[in-house]
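Q: Hi, could you walk me through a few residues in this one?
A: Happy to, let's bring it up.

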Amino acid sequence: MSNWWDRNVVPRLIGCACTQPAVMHDRAKVVPFASGDVLELGCGAPNLDFYNRNNVRSLSGVDPSAELLTRAKLALESKGMTANFIPGIAEALPFANNSFDCVVTTFTLCSVQDPHAALSEAKRVLKPGGRLLFVEHGRAPDTDAAAWQRRLEPVWKRIAGGCHLTRPVTQAISDAGFVCNPPQGHYMKRTPKWLGWVEWGEATLAG
């Protein structure tokens, strides 16, 4: 049952949730700033319209979902764009060291199996002076919302393809060895607080 759910329901659930207006509004705060050789973690996400094509030299991406990857490739064709979108996971990127100027992650770190490993891989493939652009939902800053996240997370993970509610965002990126700009965050409109806390920004490799 779980495999059937993950194959047939979760991609549609993710596709619906990740295109809600509030989510798309937050994507638009980050993705347009990508430049140079860009890698997207979770490239099945609907980010293509937000890239500034004049600033992006090449676009690559990985996604573990065959269905979301197929959707992304069809979207590329419909928009006349080219990209190297391939199956893969963020914790084991199939790219050489120092390959990219920018890594983009949008609502992805919540569902990877090992966020620290994923961020370590992002560091590995970034060129010196490279940037990590992120917008992610995670652990809420106020006590009541965080308590509900802890209560609901075990069930939510099973429904939503391993999506975690209690993972820190900016703190995890800093702990992985990045230097983050002053953190920015808010609760998304028309979204329950236990699901709606989002942080976004830019991080560079620590010296």
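A: First a definition: helices (H or I, at least four residues) and strands (E, at least two) are DSSP runs, numbered from the N terminus. This is a predicted model, where local features need pLDDT of at least 70, side-chain atom pairs count only at pLDDT 80 or more, and totals for chains, interfaces and linings use all residues. Residues are numbered from 1 along each chain as its sequence is written, and side-chain values use heavy atoms, with hydrogens and water left out.

Q: Great. Where does E40 sit?
A: E40 is in strand β1, which covers residues 36-41.

Q: And which side chain of opposite charge is nearest to E40?
A: That would be R27, 5.9 Å away. E40 is buried but has no salt bridge. Buried means under 20% relative accessible area, exposed over 50%, and partly exposed in between (1.4 Å probe, protein chains only). A salt bridge is a side-chain nitrogen of Lys or Arg within 4 Å of a carboxyl oxygen of Asp or Glu. For charge, Lys and Arg count as positive and Asp and Glu as negative, while His and the chain ends are not counted.

Q: What is E40 in contact with, then?
A: Leaving aside neighbours within four places in sequence, E40 touches A45, N47, Y51, S60, G61, V62 and V104; contact means heavy atoms within 4.5 Å.

Q: Switching topic, where is V125, and is it buried or exposed?
A: V125 belongs to helix α5, and it counts as buried because its relative accessibility is 0%.

Q: How far is the C-alpha of V125 from that of N97?
A: They are 4.4 Å apart, although 28 residues separate V125 and N97 along the chain. Beyond neighbours within four places in sequence, the contacts of V125 include L39, F95, N97 and V103.

Q: Now the backbone: what is the phi of F107?
A: F107 has a positive phi of about 50°, and it is not a glycine. Most residues other than glycine have a negative phi. F107 lies in the loop between β4 (100-106) and α5 (115-125).

Q: What about the phi of R190?
A: R190 also isn't a glycine and has a positive phi of about 55°. R190 is in the loop between β7 (184-187) and α8.

Q: F107 and R190: buried or exposed?
A: F107 counts as buried because its relative accessibility is 11%, whereas R190 counts as exposed because its value is 84%.

Q: Last one: which helix holds G196?
A: G196 is in α8, residues 193-196. G196 is in contact with H186, Y187, M188 and T191, leaving aside neighbours within four places in sequence.
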